[in-house]
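Biologist: I have a sequence and a model on my screen. Can you walk me through a few spots?

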Amino acid sequence: MEWSKLKSIIIVMLLLVNAFLLVLVMQREGSEIQHAEVSKQQVIALLEENGISFRPENLPADISFSMLEITRVRDREDAMAQSLLGDAVKQDNMSGISASYLSDAGSADFFSTGKFSLTFSAEGAPLDGMTTEAHAALCLEKLGIAATLERTAQTAEITELTYCQTWNGVPVYSNRIVFRYDDHQLESIDGTYLDGVPSQTGNSVSMSAATALVTFFAGINSGAVSVCAEIQTMSSGYLAQSAQPNTLVPAWRIVTDTGDYYVSTESSEITMIL
């Protein structure tokens with residue numbers, strides 16, 4: 001047989017093998033998609049049978065980001081204190097657990113756990129005609145912390161804005177930052193933030209949205225979760241573990257008419273964060 005004919009036969013055989021493999025992959029993906037859809041329908045039916053309403057269109061896509069280890073760095077604390085307090089003087093602290101700063105505008109404390117607080121003196125941080133939201137956003141920019149506004153609470157003269165830190169656009173549910181405004185000035189900032197060098201842990205933590213709902217429902221039956229009549233929203237983000245090195249674990253946030261709950265994809269533990 002001539003080499004040119006043999007070559008053509010080999011090429012055709014390879015094309016047929018590739019086409020066969022492609023069909024197998026497509027069948028497998030189709031089966032997985034069908035199985036996932038059935039799982040979603042089953043869990044929604046389970047909730048409805050137990051008096052919990054949840055619209056199918058509110059069920060989000062599965063988590064697409066991985067667990068991360070963050071090697072915390074603290075060399076930004078000087079700049080953070082100076083950005084809001086001006087010419088702040090660092091106070092002596094030999095333990096290394098915390099760092100304190102003091103200026104005419106107020107004081108600041110940073111802890112190795114990521115917790116921090118700033119307290120401002122009278123007229124130390126006036127609004128100067130800005131809204132509280134715009135002023136808080138400017139402060140976060142100066143601090144170098146990416147965060148989104150979660151809620152606003154207001155009384156006669158006090159306004160509190162609660163922000164949630166984000167990591168590459170993904171919310172870190174356990175890291176909240178609260179701005180407290182009294183009359184026309186910023187009184188204090190308290191919260192937890194994470195900063196450092198990220199690396200993937202190599203651990204695969206996967207939990208579908210449907211599985212998270214089943215876990216949540218099991219929590220209701222066990223008494224770990226308050227009985228609710230409606231799941232209003234569901235979204236994905238991170239929970240930060242404080243042990244060194246810090247770890248960002250993917251998690252599901254489930255907002256109900258009785259509270260907000262967080263399901264860890266690593267441990268399946270259900271927690272509340274006030």
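Predicted model: local features only at pLDDT ≥ 70, side-chain atom pairs only at ≥ 80, totals over all residues.

Biologist: Is Ile44 buried or exposed?

Modeller: Ile44 sits in helix α1, which covers residues 3-49. Its relative accessibility is 9%. Buried means under 20%. So Ile44 counts as buried.

Biologist: Leaving aside neighbours within four places in sequence, which residues is Ile44 in contact with?

Modeller: Look along the chain to Pro56, twelve residues from Ile44. The C-alpha atoms of the two are separated by 7.1 Å. With neighbours within four places in sequence set aside, the contacts of Ile44 are Phe54 and Pro56.

Biologist: How far does helix α3 reach from its first C-alpha to its last?

Modeller: Helix α3 runs over residues 132-143, twelve residues in total. At 1.5 Å a residue, 16 Å is expected. The reach in the model is close to that, at 16 Å.

Biologist: What arc do the buried residues of α3 cover around the axis?

Modeller: The buried residues are Thr132, His135, Ala136, Cys139, Leu140 and Leu143. They lie on the same side of α3, because the arc they cover is only 140°.

Biologist: How many disulfides does the structure hold?

Modeller: A disulfide is a covalent bond between the sulfur atoms of two cysteines. Cys139 is buried at 5% relative accessibility, and Cys228 is buried at 6%. The number of disulfides in the structure is zero.

Definitions and conventions
Residues numbered from 1 in each chain as written. Heavy atoms only, no water. Helix = DSSP H or I, 4+ residues; strand = E, 2+ residues; numbered from the N terminus. Buried < 20%, exposed > 50% of the residue type's maximum accessible area, 1.4 Å probe, protein only. Contact = heavy atoms within 4.5 Å. Expected span 1.5 Å × (residues − 1). Arc of directions from axis to C-beta. Disulfide = S-S within 2.5 Å.
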